[in-house]
Amino acid sequence: TALVTTVPPSPPLKRLPDPYLLVPKALYFLATLLATSLHSYKTKFLIKMQHLSIAEVGFVYSIVGVNFLGSLFWTHLADRHQSHRRISVICPIVYCAVTCLLLIPWPGDDGDASFARKLFVTAVIGTAHFFSAGLFPLLD
């Protein structure tokens, strides 16, 4: 008797990803690019332009823990009002606008960081991180 073997059929070719998923993937990529591109230069900017010491920059960055509260807030708001897409668009715009507040020249800039300036920088960084926290849980 002859040995007959059959070859199993090959699986069908995979289709391209769902075109509706391309927009959230692109948003996720751009949100990550937005957050990481500013972060690496922000420390040098705070030292040189805002006249903060390294220890003061560390204190300012301690407010970044507001990300946790922001992610809870934004996901709850998006789920409650079914506004994921709207929040995904508004959060990066507000993040950029608030971060640009650091570019405003400080009146009477004498090269020393006053307490008011440190408080302003901390509030701006905290607010920016609060809005950036809305991006990743919604796009993930």
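## The loop between H1 and H2

Gln50 sits in the loop that joins H1 and H2 in this model, which is predicted. With a relative accessibility of 4%, Gln50 counts as buried, because the cut-off for that word is under 20%. Once its neighbours within four places in sequence are left aside, Gln50 is in contact with Phe45, Leu102, Ala113, Arg117 and Val121.

Ile47 is found in helix H1, and its relative accessible area of 32% makes Ile47 partly exposed. Ile47 and Val57 are 10 residues apart in sequence, and their C-alpha atoms are 7.3 Å apart in space. Val57 is also one of the contacts of Ile47, together with Leu52 and Ile54, when neighbours within four places in sequence are left aside.

In soluble globular proteins, nonpolar side chains tend to be buried together. Here the largest nonpolar core has 21 residues, and those that touch the most other members are Leu46, Leu52, Val60, Cys91, Leu102, Val121 and Ile125. The elements giving two or more residues to this core are helix H1 (19-48), helix H2 (54-61), helix H3 (66-81), helix H4 (84-100) and helix H5 (115-132). Of these, H5 gives the most, with 5 residues.

Thr122, which lies in helix H5, counts as buried at 14% relative accessibility. Beyond the residues up to four places away in sequence, Thr122 touches Val60 and Ile63.

## Glu56 and Lys118

Glu56 has its place in helix H2, and at 24% relative accessibility it counts as partly exposed. Although Glu56 and Lys118 are 62 residues apart along the chain, their C-alpha atoms are separated by 8.0 Å. Glu56 touches Lys118 and also His51, if residues up to four places away in sequence are not counted.

## How H3 and H5 cross

Two packed helices are described by the angle between their axes and the distance between the axes. For H3 and H5, the axes come within 7 Å and cross at roughly 40°, which means that H3 is oblique to H5. The crossing of these two helices, H3 and H5, is right-handed.

On the H3 side, the contact is made by Val66, Asn67, Leu69, Gly70, Phe73 and Trp74, while H5 contributes Gly126, His129, Phe130, Phe131 and Ser132.

The structure holds 0 disulfides. Cys96 is in no disulfide, and the nearest cysteine sulfur to its own, that of Cys100, is 6.5 Å away.

Cys96 counts as partly exposed, with a relative accessibility of 31%. Cys100 is likewise partly exposed, and its relative accessible area is 44%.

Note on methods
Residues are numbered from 1 along each chain as its sequence is written. This is a predicted model: local features need pLDDT of at least 70, side-chain atom pairs count only at pLDDT 80 or more; totals for chains, interfaces and linings use all residues. Side-chain values use heavy atoms; hydrogens and water are left out. A nonpolar core is a set of buried Ala, Val, Leu, Ile, Met, Phe, Trp, Tyr and Cys residues joined through side-chain atoms within 4.5 Å. Buried means under 20% relative accessible area, exposed over 50%, partly exposed in between (1.4 Å probe, protein chains only). Helices (H or I, at least four residues) and strands (E, at least two) are DSSP runs, numbered from the N terminus. A disulfide is a pair of cysteine sulfur atoms within 2.5 Å. Axes are lines fitted to C-alpha atoms, for helices over the stretch in contact, and angles run from 0 to 180 degrees between N-to-C directions. Angles under 35 degrees count as roughly parallel, over 145 as roughly antiparallel, 65 to 115 as roughly perpendicular and the rest as oblique. A crossing is left-handed if the near helix is turned anticlockwise from the far one by less than a right angle, and right-handed if clockwise. Contact means heavy atoms within 4.5 Å.
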